[in-house]
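Biologist: I would like to learn how to read a model like this one. Could we start with charged pairs and then go on to the sheet?

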Amino acid sequence: MLDFTSSSGVEELRAAPPAPDADILDAYSNAVISVADAVGPAVVRVETRGANGRPGGVGSGVVIAPDGLVLTNSHVVDGAKEVRLLDGEGRVMEARRLGEDPDTDLALLRAGSARDLAHAALGDSKTMRRGQLVVAIGNPLGFESTVTAGVISALGRSLRSKNGRLIEDVIQTDAALNPGNSGGPLVSSAGEVIGINTAIISGAQGICFAVASNTAQFVLSEIIRHGYVRRAYIGVSGQTAVVPRRHAVIAGIDNKMGALLAQIEPDGPASRAGLLPGDVVVKLDGVAVHGVDDLIRVLDRDRIGRALKMDVLRLGRLREFDIHPVERKTAAR
């Protein structure tokens with residue numbers, strides 16, 4: 001028979017510890033608050049003006065060194081004649097562009113006279129995993145120092161930059177981004193910048209992208225050393241094209257796709273090597289080429305000035321050429 005006279009069961013319920021969900025929520029909140037407090041002061045508003053002095057775009061940036069080095073997006077400062085920074089304390093600083101890299105949508109600025117600025121550290125984006133907590137900080141739609149949180153949805157994505165080149169190792173997140181967030185940091189729960197927010201997909205919810213911090217570190221070092229990012233150039237334009245199966249079998253290659261050369265620059269490296277419009281590149285320097293993006297990817301700074309072997313299909317026959325890439329000229333120089 002049940003005894004309803006005892007109150008011990010009620011007392012035990014009253015003495016029960018808080019639900020685990022509450023603990024988890026509190027830990028989540030503390031993690032986001034900690035990141036916002038640590039990195040928030042290093043986030044700046046980036047304002048630009050055009051040649052006629054009229055206001056240009058507005059974005060975000062993150063200070064990565066106390067002497068005023070600021071990372072932002074190339075598209076935020078593209079074409080700007082004047083760049084101005086506004087920090088969380090309301091200080092306005094003139095800034096100059098040290099260099100930019102449209103291929104990765106990154107730019108490096110230096111704040112004018114300010115020193116000992118609050119700054120954030122760049123982390124190692126290769127250590128990140130799907131599902132990890134991340135925090136985005138920026139100035140979306142003009143709302144200063146806005147913090148949103150989410151998780152890493154995917155790693156190793158590819159994204160087209162404004163100039164059509166493919167940005168590799170892009171981080172996908174569901175942390176809410178809006179116009180004005182561009183150039184702001186994507187931060188890990190450890191308080192390290194693991195990405196530079198760059199793009200959203202219009203009409204989609206929870207699909208946002210950031211350029212990985214390891215890419216940013218590479219671009220940063222190149223701009224500091226040279227004022228631009230060095231890449232190899234062979235003087236061609238082309239498109240990805242199908243390699244007919246019979247041609248692949250005859251040539252003894254596995255390629256289903258290759259890089260079809262549409263135009264050859266006169267007296268460029270490709271022209272001097274003997275390449276012709278209509279040739280299909282299937283391998284360069286021992287690396288298989290399955291399209292234009294692969295060809296661009298192989299032409300990095302390490303191949304400038306080297307003699308490279310290029311395998312090409314010409315009229316269905318495999319031919320080998322020696323080519324000597326030169327350094328690509330950039331508008332940033």
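Modeller: Start with one pair. The side chains of glutamate 327 and arginine 230 form a salt bridge, at 3.2 Å from N to O. Keep in mind that this is a predicted model.

Biologist: What is the general idea behind such a pair?

Modeller: Side chains of opposite charge can pair when their charged atoms come close. Now place the two partners.

Biologist: How accessible is glutamate 327?

Modeller: Glutamate 327 has 23% relative accessibility, so it counts as partly exposed. Arginine 230 is also at 23% and counts as partly exposed. The band for that label lies between 20% and 50%.

Biologist: Which residues do salt bridges with shared partners join into one network?

Modeller: Asp101, Asp103, Arg165, Arg231 and Arg328. Take one pair from that group. Arginine 231 and aspartate 103 meet through their side chains at 3.4 Å, N to O. Arginine 231 sits in the loop between H4 and E13, and aspartate 103 sits in the loop between strand E5 (92-101) and strand E6 (106-111), so this pair links parts 128 residues apart in sequence.

Biologist: Are arginine 231 and aspartate 103 buried or exposed?

Modeller: Arginine 231 is buried, and aspartate 103 is buried too.

Biologist: How many salt bridges are there by this rule?

Modeller: The count is 25. Another of them joins the side chains of arginine 45 and glutamate 144, at 2.7 Å from N to O. Arginine 45 belongs to strand E1 (residues 43-49) and glutamate 144 to the loop between E7 and E8, so the tie spans 99 residues of sequence. Compare the two ends. Arginine 45 is buried at 14% relative accessible area, whereas glutamate 144 is partly exposed at 39%.

Biologist: Now the sheet. How do strands pair in general?

Modeller: Strands of a sheet pair through backbone hydrogen bonds, either parallel or antiparallel. Here, 6 strands make a closed barrel in the order E7-E8-E9-E12-E11-E10, with antiparallel pairing. From one strand to the next, the twist averages 45°.

Biologist: How many bridges join E7 to E8?

Modeller: Strand E7 (residues 133-138) and strand E8 (residues 146-160) run antiparallel and are joined by 6 bridges. Glycine 138 stands opposite threonine 146 in E8. Next along, E8 and E9 pair antiparallel over 5 bridges. Within that pairing, isoleucine 152 has threonine 173 in E9 as its bridge partner.

Biologist: Which residues have a positive phi although they are not glycine?

Modeller: Serine 145 is one of them, with a phi of about 50°. Serine 145 is in the loop between E7 and E8. At 43% relative accessibility, it counts as partly exposed. Aspartate 285 is another, with a positive phi of about 55°. Its loop runs between strand E16 (280-284) and strand E17 (287-288). Aspartate 285 is partly exposed at 24% relative accessibility.

Biologist: How far apart are the C-alpha atoms of tyrosine 233 and leucine 98?

Modeller: They are separated by 23 Å, and the two residues are 135 residues apart along the chain.

Note on methods
Residues are numbered from 1 along each chain as its sequence is written. This is a predicted model: local features need pLDDT of at least 70, side-chain atom pairs count only at pLDDT 80 or more; totals for chains, interfaces and linings use all residues. Side-chain values use heavy atoms; hydrogens and water are left out. Two strands pair if DSSP finds at least two bridges between them. Helices (H or I, at least four residues) and strands (E, at least two) are DSSP runs, numbered from the N terminus. Axes are lines fitted to C-alpha atoms, for helices over the stretch in contact, and angles run from 0 to 180 degrees between N-to-C directions. A salt bridge is a side-chain nitrogen of Lys or Arg within 4 Å of a carboxyl oxygen of Asp or Glu. Buried means under 20% relative accessible area, exposed over 50%, partly exposed in between (1.4 Å probe, protein chains only).
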